[in-house]
Amino acid sequence: MEELSKEIVKRILANNDGKLEKNLVFSPWSINTLLSILASGLKPGQTLDKVLSLLGFKSVADLHAKVTDDDDDLQKTPNFGNSKSKINAQVQVEGSLLSSLNGAWVDKKYTFNPCFLQLLRTLYKSESSTLDFQNKALEAIQEINTWVENATKGLIRNLLTYPAVGEDTALILANTLYFKGLWDKQFDPSDTMCENFHALSGDVFKVPYMCMMAYDGCLYASSNGFKILRLPYQSDWNNKWKFSMNIFLPDLNDGLLKLLDQFTSSPDLFNLPFEFEGVTIRNLRIPKFKFTYKFQVSEIIEKLGLSMNLKTDTEILEALNGDDSMYHMKILHTSCIEVNEHGTEAAAVTDLDYATCSLFSPPSIDFIANHPFAFMIREDITGNPIFFRPLVNPMLE
């Protein structure tokens with residue numbers, strides 16, 4: 001998953017000429033899930049090998065074994081829940097909720113390959129349905145948008161639009177990811193104050209900061225040019241699922257781009273290979289923020305040499321006819337996140353559209369995030385990054 005995350009950060013920076021003028025957030029988990037579903041429907045060959053390599057697997061069998069193991073772990077979790085439609089996989093521990101849903105919609109002109117449909121329903125717990133994109137495009141879009149809105153608890157609305165999705169659409173696959181976590185130690189809203197934030201441009205402006213004095217129980221590490229603070233979310237410590245936010249704060253006010261360069265050159269940073277120590281934060285200040293970010297994953301993977309064709313490269317649908325060039329792919333990713341005094345609420349949706357288109361006192365430090373930084377919401381037992389986000393301006397939505 002770290003290799004995929006590295007490439008996404010690298011390509012987004014390249015697309016913006018190495019500059020960051022707006023906030024960025026994406027879910028490695030969500031994109032990884034959708035590409036895993038896609039890999040399960042690819043024919044043997046170079047394209048499949050490239051997708052598997054990007055996902056970190058040598059074979060489809062290895063991929064399916066990992067998905068099965070993850071599902072078994074979820075089933076053993078006391079608060080794991082499945083909806084009646086079997087598309088909802090969620091983990092809920094005290095104060096935290098992680099929910100991942102998969103959906104598939106095919107135009108009535110086409111039929112799913114039975115083997116792929118079986119994988120969708122059993123391995124990926126995905127519900128599938130047939131829609132009329134050609135004659136009832138608006139109704140189809142509304143159905144999918146309602147599904148996404150419900151899956152993300154209303155955070156992401158109107159994902160698909162017409163005519164971007166319409167009569168030429170053959171297939172849509174989607175994964176949604178929703179996370180809500182309460183801080184293990186919540187901030188007092190009455191302590192929130194507006195103070196200066198130093199932007200990459202050199203501008204200084206006021207933003208609201210969540211503040212806390214003498215915060216203990218968090219973990220801290222420092223590395224080359226930045227420091228890291230891990231803030232835990234509430235959880236039942238007898239449960240194997242534990243979530244945290246890891247904040248990467250550059251030493252310099254304009255150090256965010258250099259930090260992101262380190263993530264692209266050393267993707268192992270997503271695995272947090274640092275020696276953390278328990279500390280007491282004398283003065284903790286983190287900006288409040290809320291925003292949404294959208295981008296096309298398909299454009300990024302195409303630049304990696306992964307241009308996929310629904311007819312020639314996959315075994316997802318049966319009896320495809322006509323010009324092979326008509327069956328190209330689009331993968332869209334949308335994330336939304338809010339951080340406030342109580343905790344974090346975040347959602348992501350990735351959709352694929354096939355179309356003709358210790359015993360001593362810990363040290364005390366200050367941690368004041370008053371300039372651009374990055375953070376990662378992570379499940380600490382598996383090490384899986386759920387969301388990754390460079391924050392440029394807390395006031396931008």
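This is a short walk through a predicted model, from its confidence values to a few local features.

Confidence comes first. The mean pLDDT of the protein is 82, and 83% of its residues reach 70 or more. Among the elements, strand S7, residues 193-198, has the highest mean pLDDT, at 95. The lowest belongs to strand S1, residues 80-81, with a mean of 38. Over residues 74-88 the pLDDT is below 50, although this stretch has 36 contacts in the model beyond near neighbours in sequence. Where pLDDT is low, the predicted coordinates should not be read in detail.

Next, a hairpin. Strand S17, residues 373-379, and strand S18 run antiparallel and are joined by seven bridges. In this pairing, Phe373 stands opposite Leu391 of S18. Four residues lie between the two strands, and Gly383 in that turn has a positive phi of about 80°. How many of the eight residues of S18 are buried? Eight of the eight, across residues 384-391, so S18 is largely enclosed by the rest of the structure.

Now helix H5, residues 114-122. Its buried residues are Phe116, Leu117 and Leu120. They cover an arc of only 100° around the axis, which puts them on the same side of H5.

At the start of H5, a side-chain oxygen of Asn113 comes to within 2.8 Å of the backbone nitrogen of Cys115. Cys115 itself is exposed, with a relative accessible area of 59%.

That brings me to the cysteines. A search of the whole structure finds zero disulfides. Take Cys211, which counts as buried at 7% relative accessibility.

Two backbone angles are worth a look. Most residues other than glycine have a negative phi. Lys153 has a positive one, near 55°. Lys153 sits in the loop between helix H6 (137-151) and S6, and at 44% relative accessibility it is partly exposed. Leu272 is not a glycine either, and its phi is positive at about 55°. The loop that holds Leu272 runs between helix H7 (256-265) and strand S11 (277-287). Is Leu272 buried or exposed? Leu272 is buried, with a relative accessible area of 7%.

Asn145 belongs to H6 and counts as buried, at 6% relative accessibility. Which residues does Asn145 touch, not counting those up to four places away in sequence? They are Asn158, Leu159 and Leu160.

Lys153 and Leu272 are the positive-phi residues I would point to on the screen. The stretch over residues 74-88 has pLDDT below 50, and low-pLDDT coordinates should not be read in detail.

Definitions and conventions:
Residues numbered from 1 in each chain as written. Heavy atoms only, no water. Buried < 20%, exposed > 50% of the residue type's maximum accessible area, 1.4 Å probe, protein only. Pairing = 2+ DSSP bridges. Arc of directions from axis to C-beta. Polar contact = N/O pair within 3.5 Å; in protein donor to acceptor, adjacent residues only side chain to side chain. Disulfide = S-S within 2.5 Å. Contact = heavy atoms within 4.5 Å. pLDDT = per-residue confidence, 0-100.
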